[in-house]
Amino acid sequence: MSGQYVPSAETIVDLDALRHNVALLAERAQVPVMAVVKADGYGHGAEPIAKAALEAGAAWLGTTSAAEAVNLRNAGIEAPILAWLHPPGADLSVAAKAGVDLGVSNLDELRAAEGAAVHLKVDTGMNRNGCSPEEWPELVRAAKGYNVRAIWSHLASADEPGNPSVDRQVERFEWAYEVALAEGLRPMRHISNSAATLTRPDLAYDLVRLGIAMYGLNPVPQHEDLRPVMTFRSSVVSAKRTRAGEGVSYGHTWVAQQDTTLALVPVGYADGVPRGLSGKLEVFVAGHRRPVVGRVSMDQIVVDCGDDKVSVGDEVILFGPGDRGEPTAREWADNLGTIDYEIVTNMYRPRVRRRYLGTR
């Protein structure tokens, strides 16, 4: 059997755009920055994203799990890495031996992190991960025998400039830091995420953590010179004229009102195109935005191209930076009532090839 497999769709990851975003955000922060590459680099590929971010000036990397961090070490990355969410009873010794810093929220995690530098996490109002204020003094006292690198927390509403919860969380964070100082610890501090990096420079402290903004997706209402890193594309596999009155796809939820050209694109909800976008989705093909008609199927969508000339092999942009008028990940998210984080992290699919631009 010969020949080369040609994928039906691909995500294009622009590493130069990522480098631009990291450099811009690092300049804004004026303190060291952590590039967060959890969830396989927000669906962009953890290892290439991590290396490009470090090239652009990031000083740290952040992952959710210790396994993600160890994978980066195994890829030859020597920069400081923080991993912060651990299942009960997790063996963290491999990560500790690999020099991975570990986030710690309770006494059990502290004991499991023996031998690692630890970042004590205090819950300042997110009410997710993190040590409660009531248990914080006990955790700090127990940590005095460990290498405590930092205390940290996470902001719930930094993407809503002026939200009073931010200042309430900062007050609690300052209290937690004073408790640590009183016990003789001298940790660095970090609480800023992407949104706070852009809107609250006073909260930079000793380190900021860059997430969604690093990938070129803006978490705050104000304009920023961020460049979206991911483009999702496919191509036309057939084009045919269809007469008025003909229905399209399952249930015939769309019926042609006049003779038209329909283009078939070999992507569907198995490839990351949510079925919930049925009747709401447009794509960029043959120089124009065109509506996807009928229901999104598992493997394919149908595009109404009117009287435009469309040929087999024509590129179809499902979302991208928006520079040419194509839809964006934010547009998809708005149409679905979700956030663009979910769109890009959902793009790691077996049938979708990932291709990188700007490799060095």
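User: Why does Lys38 count as partly exposed?

Analyst: Good place to start! Buried means under 20% relative accessible area, exposed means over 50%, and partly exposed is in between, using a 1.4 Å probe and protein chains only. Lys38 has 28% relative accessibility, so Lys38 counts as partly exposed. Please keep in mind that this is a predicted model, where local features need pLDDT of at least 70 and side-chain atom pairs count only at pLDDT 80 or more, while totals for chains, interfaces and linings use all residues. Residues are numbered from 1 along each chain as its sequence is written, and side-chain values use heavy atoms, with hydrogens and water left out.

User: Which helix is Lys38 found in, and what does Lys38 touch?

Analyst: Lys38 is found in helix α2, residues 38–42. Helices here are DSSP runs of H or I with at least four residues, strands are runs of E with at least two, and both are numbered from the N terminus. Not counting residues up to four places away in sequence, Lys38 touches Gly62, Thr63, Thr64, Glu68 and Trp84; contact means heavy atoms within 4.5 Å.

User: Where does UniProt place the feature "active site"?

Analyst: The unreviewed UniProt entry places "active site" at Lys38 and Tyr250. UniProt positions are given in the numbering used here, feature names are shortened, and annotations may be inferred rather than shown by experiment.

User: How do you know that they do not all gather at one spot?

Analyst: They span 213 residues in sequence and the farthest two C-alpha atoms are 37.0 Å apart, so they do not all gather at one spot. From this set, Lys38 is in the lining of the largest pocket. On a 1 Å grid over the protein atoms alone, a pocket is an open set of points with protein on both sides within 12 Å along at least five of seven lines, a cavity is a set of points where a 1.4 Å probe fits but cannot get out, and lining residues have an atom within 4 Å of a point.

User: What makes Tyr250 buried or exposed?

Analyst: The relative accessible area of Tyr250 is 60%, so Tyr250 is exposed. Tyr250 is found in the loop between β12 (247–248) and β13 (254–255). Tyr250 touches Arg295 and Ser297, not counting residues up to four places away in sequence.

User: Which residues does the annotation "binding site" cover?

Analyst: The unreviewed UniProt entry gives Arg128 and Met298. They are spread over 171 residues of sequence and up to 34.8 Å in space between C-alpha atoms. Of these residues, Arg128 is included in the lining of the largest cavity.

User: How do Arg128 and Met298 sit against the cut-offs?

Analyst: Arg128 has a relative accessible area of 58%, so Arg128 is exposed. For Met298 the value is 41%, so Met298 is partly exposed. Arg128 lies in the loop between β6 and α7 (136–142), while Met298 lies in the loop between β16 (288–293) and β17 (301–304).

User: Why is Leu102 called buried?

Analyst: Leu102 has a relative accessible area of 0%, so Leu102 is buried. Leu102 lies in strand β5, residues 101–104. Leaving aside neighbours within four places in sequence, the contacts of Leu102 include Leu82, His86 and Val118.

User: What order do the eight strands of the open sheet follow?

Analyst: The order is β8-β7-β6-β5-β4-β3-β2-β9, and the pairing is parallel. Two strands pair if DSSP finds at least two bridges between them.

User: What makes β8 and β9 stand at the edges?

Analyst: β8 (188–190) and β9 (208–210) each have a single partner strand, so one side of each is left without a neighbour in the sheet.

User: How do you know that β6 and β7 pair?

Analyst: β6 (residues 117–121) and β7 (residues 147–152) pair over five bridges, in the parallel sense. The bridge partner of Leu120 in β7 is Ile151.

User: Which residues touch the most other members of the largest nonpolar core?

Analyst: They are Leu120, Trp136, Met214 and Phe232, in a core of 113 residues. Helix α1 (residues 15–29) gives the most to this core, with eight residues. A nonpolar core is a set of buried Ala, Val, Leu, Ile, Met, Phe, Trp, Tyr and Cys residues joined through side-chain atoms within 4.5 Å. In soluble globular proteins, nonpolar side chains tend to be buried together.
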